[in-house]
Amino acid sequence: MVRMDKEQYQLLLEYAERRDAKTYAWLRYLVLLSSGAFAVLVSLQAGKPQAGIPFYALKTAWVSLGLGILLG
């Protein structure tokens, strides 16, 4: 077992905090972009029966948005 002194432990904590801050900033950015894209997609679909190419284009956009959120 490797023993760390207080200075090394503080440095490790600092690195972990920086990593967490970057991760949470990335998640906030992802949620912001996905919510905006979701709002646009909903407004494009509102109240209109769709068929043909526009229908499939919209469904492709929904799938792309979902995959983008899941896979980051």
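The protein you see here has two helices and zero strands. Keep in mind that this is a predicted model.

Start with the overall shape. The C-alpha trace spans about 65 × 20 × 10 Å along its principal axes. The radius of gyration is 21 Å, whereas a compact globule of 72 residues would come out near 11 Å. Of the 72 residues, 7% count as buried.

Next, the charges. There are 8 positive and 5 negative ones, and their mean positions lie 16 Å apart.

How many salt bridges does the structure hold? It holds two. One joins the side chains of Arg18 and Glu14, at 2.5 Å from N to O. These residues are four apart in helix H1, so about one helical turn separates them. Arg18 is partly exposed at 43% relative accessibility, and Glu14 is also partly exposed, at 38%.

The other salt bridge is between Asp20 and Arg19, with the closest N and O atoms 3.2 Å apart. Is Arg19 buried or exposed? Arg19 counts as exposed, because its relative accessibility is 53% and the cut-off for exposed is over 50%. Asp20, at 31%, counts as partly exposed.

Last, a nonpolar patch on the surface. Which residues form it? They are Met4, Tyr9, Leu12 and Leu13, with about 370 Å² of accessible area together. Tyr9 sits in helix H1, which covers residues 6-45. With a relative accessible area of 42%, Tyr9 is partly exposed.

How values were computed
Residues are numbered from 1 along each chain as its sequence is written. This is a predicted model: local features need pLDDT of at least 70, side-chain atom pairs count only at pLDDT 80 or more; totals for chains, interfaces and linings use all residues. Side-chain values use heavy atoms; hydrogens and water are left out. The radius of gyration is taken over C-alpha atoms; the globule rule is 2.2 Å times the number of residues to the power 0.38. Buried means under 20% relative accessible area, exposed over 50%, partly exposed in between (1.4 Å probe, protein chains only). Lys and Arg count as positive and Asp and Glu as negative; His and the chain ends are not counted. The place of a charge is taken as NZ of Lys, CZ of Arg, CG of Asp or CD of Glu. Patches are made of residues with over 30% relative accessible area and no salt bridge: like charges are joined within 9 Å, nonpolar side chains (Val, Leu, Ile, Met, Phe, Trp, Tyr) within 5 Å. Accessible areas come from the Shrake-Rupley method with a 1.4 Å probe; for residues, only the protein chains shown count as cover. A salt bridge is a side-chain nitrogen of Lys or Arg within 4 Å of a carboxyl oxygen of Asp or Glu.
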